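Dear colleague,

I am handing over the structure we discussed, and I would be grateful if you could look through it alongside the notes below.

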Amino acid sequence: MQSYPSEHREIVSALVDGRFVIYPNPIFVSLKLQEEDYREFFRESYAYELVIDSEIAYLTSTEGTEKRTRDFVLFLSLLCRELDYSGKNFRDAIELGTFDMAETEQLLKQSSKWEILEKTSVANFDDFISTWHRKNVLFRAEGQFKFTKAVKIFFDFAVNVANAKLKEQEAV
Amino acid sequence: MSNLTLSGKDILRFLSTHYEFVQSAFAAGKPHFMIDSDKFLRLIHDYNAKNESKISLYRLTSEVKLCRQLSTGEYKLNRNYIPFLEYLFNDFVLNLPETLKNRYQAVFNHFTALKTETSSFRIVLLTQEIINVVEDFLSDIEGQTQRLLRDTEALKVNVGNHSAFSIRIQRANFWIDEYIIPLNAILDKERADSIVNMIIQLQHYANENRLLSDSYELKLEYEKLYACAVNAKSELDKTLSKLTRELLPLLERIKSDSVILNGFYHFVENIDDPKAYIAQLPHLVRRTKSSVTSKAFAAEAEFYIDQFSYLTPEIMFSEAQEDIEWLPDAAYFKEQLIKEDGVKDFYKWCLTSLEEQTENITLSKFFTLSNLLLDEDLVIEYKDEKRYEIKLADATLLMPKIKVYAKLSK
């Protein structure tokens, strides 16, 4: 890398801490401008892959599995399911809405799938929300939380699962 | 006593009295408006069981002629009732866009004939026919759009189990491919063969002729045709806007949302068996406080450093050079002094002796020598008050003249 932007330290510490860097955060712009250099930097220094699109950036690792990510996708899946069952437009709610912590916890506890969730880190709901607040996947304030744009990577994951299943069914 | 022939009022009264039955028969027969014999008889039986006012198969088939039995045994609703009932229940069956295309073809044929027709009588007939077909077309398209909108809304919330997601995706796909896109093509004014384009041409033609026609009667007919075309144009614009700005995005949205829910469903169902949900979860990095190097790099670096590990650490000191000043040897000079057998001017002697030994005579060198005065073996005689200067490298001294000699005992 020939030169570092002035936000270099901030960029590296945010991403290495497992946080999502999201536009319009100014450090996202610096990162995007030196996208290729940073890709190489993270690959060589940490063996991490930098994933960056038009709005979000984050690091992925090939080492081991991350149970917290699994827990989060599980939480999101069941929240979407409950919202859809109650006739709400789940995507608008997730992408634009604000959730009351206590109400959301109650909604999930009423779900027939709570027995799965209660065995995961979601069971300690307050800590769970704080963890993902630190990662910038949601924003927590005064008993409420709101998802950030980072949530779209989990929707993409669901689309990939659905498409893979569809292909599998077609093959049969 | 009932009349022998049924009037329109009798039919309306029947429909009004047995509204629920007609509605259930209508719903059961959709979309082809055919009902199995058993099912139809059961509908009658169930209805009669709940209502005081009874109906009979004979009255249905022979008097009000709501339906007739086919040779295959099924009952088919009377075609004359269907559009009215669809309107009544606000429940339109989707026609394939081909049906709408046929209407386009009919308007096209009549319009082509109209342009070359010279007989006033035929012109009146053709304009009336065009107006009828256009009205039918508008009514069809209005009903279809309403139906699509309502079904789409229903599709959005209609979920019970996971199969509903797949059904939603299939339906949304089907409606988009089979209805919305072809309807859009029919209504797209950019296309030369679209109905909207023809309505525009019709409007221009009628506008011109309502002013230029020879007879008042023809002017009136063209006036009607013009009004019909203007109305049709505005209705079709509204419909097109509903289709492309509301319905299509909504269906696309339902489709993509259902794909997401479907994916999440498979993920949750296979939560303990990651291989079964095929796609890979994003491996987000965990918060790290430790090394800034990758494991591979760390291992390589360790290997490299190990090669040098047999060397014991070597500590190097660098000594600072001290500048030590030469000082005269007092014992040597004492010996010289005694040899002299008395010195008349001691301080001068000190200076001269030092000058013989070194160049740079400083205070410290001078005093080292002059301190011999304190030696017990020497005697000092001091008489003169006068002093004289002795210049040293770092000072100038004013000294008296002192006589020094060794003790007599020696």
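What follows is a short account of what was found.

Please bear in mind that this is a predicted model, in which local features need pLDDT of at least 70 and side-chain atom pairs count only at pLDDT 80 or more, while totals for chains, interfaces and linings use all residues. Residues are numbered from 1 along each chain as its sequence is written, and chains are lettered from A and ligands numbered from 1 in the order in which they are written.

Chain A has nine helices and six strands, these being DSSP runs numbered from the N terminus (H or I over at least four residues for helices, E over at least two for strands). Of its 172 residues, 33% are buried, a term that requires 20 or more other C-beta atoms within 10 Å of the residue's own, with 12 or fewer counting as exposed, anything in between as partly exposed, and C-beta atoms placed from the backbone.

The contact between the chains takes 39 residues from chain A and 29 from chain B, where two residues are in contact if their C-beta atoms, placed from the backbone, lie within 7 Å. On the side of chain B that touches chain A, α10 (216-269) and α11 (295-306) are the elements that give two or more residues, and α10(B) gives the most, with ten.

α10(B) also packs against helix α4 (residues 67-85) of chain A, at an angle of about 125° and with the axes 9 Å apart; axes are lines fitted to C-alpha atoms, for helices over the stretch in contact, and angles run from 0 to 180 degrees between N-to-C directions. At that angle α4(A) is oblique to α10(B), because angles under 35 degrees count as roughly parallel, over 145 as roughly antiparallel, 65 to 115 as roughly perpendicular and the rest as oblique. The residues that make this contact include Leu74(A) and Leu78(A) of α4(A), and Phe264(B) and Phe267(B) of α10(B).

Within chain B, helix α13 (residues 346-357) and helix α14 (residues 363-370) pack at an angle of about 120°, with their axes 10 Å apart, and α13(B) is likewise oblique to α14(B). Among the residues in that contact are Tyr347(B) of α13(B) and Phe366(B) of α14(B).

Finally, Val124(B) lies in helix α7 (residues 120-157) of chain B and is partly exposed, because 17 other C-beta atoms lie within 10 Å. Its C-alpha atom is 9.6 Å from that of Leu220(B), 96 residues away along the chain.

With best wishes
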